[in-house]
Amino acid sequence: MIILCTEEMQSKSCLAAFFDLNEKLIYAETAEERGIEGIIAGAGAAAHLGGVLAAVTPLPVIGVPINATALQGLDALYAMVQMPSGIPVATVAINGAKNAGILAAQILSVKEPELRKQLKAYKEKMAQEDTDAFEEYLESDYSNDFLNLK
């Protein structure tokens, strides 16, 4: 088992990598009592990991389908969104770990106003970066080619 923890956005984040199913189950079963408030589970192929963890914890579980097979992650995506009734796994895009982290922060921000404030600032910064990139594009030679298409 590998566990990496950092302090970001006012919340403690941990990354745990397990190579044994029993370790995964013990981690999920005891997560709540250790103060963990949510789990992000990345998995490829059959991608049942998120459902297995969600079945043994009351905490929110976010699944990240990983492109690990010839099906380019679609098998993992389909497996994650088809969990049985009562075993929800919020699922983001294939290889969407960044969005999983942001979604987890948004969930936690419901009870942490400072985290919500930081998320708002982060999203405002992203919006400004998009606006700046679009304005730069409009000033480029490439935009003229696109705008003159018929």
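Here is a friendly conversation about how the words used for this predicted model are decided.

Tutor: This is a predicted model, where local features need pLDDT of at least 70, side-chain atom pairs count only at pLDDT 80 or more, and totals for chains, interfaces and linings use all residues. Residues are numbered from 1 along each chain as its sequence is written, and side-chain values use heavy atoms, with hydrogens and water left out.

Student: What makes a stretch of this chain a helix or a strand?

Tutor: Both are DSSP runs, numbered from the N terminus: a helix is H or I over at least four residues, and a strand is E over at least two. The chain has 6 helices and 5 strands, in the order β-β-α-β-α-β-α-β-α-α-α along the sequence.

Student: Why is Thr-57 called buried?

Tutor: Buried means under 20% relative accessible area, exposed means over 50%, and partly exposed is in between (1.4 Å probe, protein chains only). Thr-57 has 9%, so Thr-57 is buried. Across the chain, 27% of the 150 residues count as buried.

Student: Where is Thr-57, and what does Thr-57 contact?

Tutor: Thr-57 sits in the loop between α2 (49-55) and β4 (61-66). Contact means heavy atoms within 4.5 Å. Leaving aside neighbours within four places in sequence, Thr-57 is in contact with Ala-28 and Ile-39.

Student: Why is Gln-72 called exposed?

Tutor: Gln-72 has 55% relative accessibility, so Gln-72 counts as exposed. Gln-72 lies in the loop between β4 and α3. With neighbours within four places in sequence set aside, Gln-72 is in contact with Asn-67 and Ile-94.

Student: Which label does Asn-95 get: buried, partly exposed or exposed?

Tutor: The relative accessible area of Asn-95 is 45%, so Asn-95 is partly exposed. You will find Asn-95 in the loop between β5 (90-91) and α4 (97-108).

Student: What makes a group of residues a nonpolar core?

Tutor: A nonpolar core is a set of buried Ala, Val, Leu, Ile, Met, Phe, Trp, Tyr and Cys residues joined through side-chain atoms within 4.5 Å. The largest one here has 17 residues, of which Ile-39, Leu-53 and Val-61 touch the most other members. At least two residues of this core come from each of α1 (21-30), β3 (39-44), α2 and α3 (74-81). A second, separate core has 5 residues, including Ile-102 and Leu-115.

Student: How do you know that Arg-34 sits over the ring of Tyr-27?

Tutor: A charge sits over a ring if NZ of Lys or CZ of Arg is within 6 Å of the ring centre and within 35 degrees of the ring normal. Arg-34 lies over the face of Tyr-27, at 4.5 Å from the ring centre, so the distance falls within the 6 Å limit.
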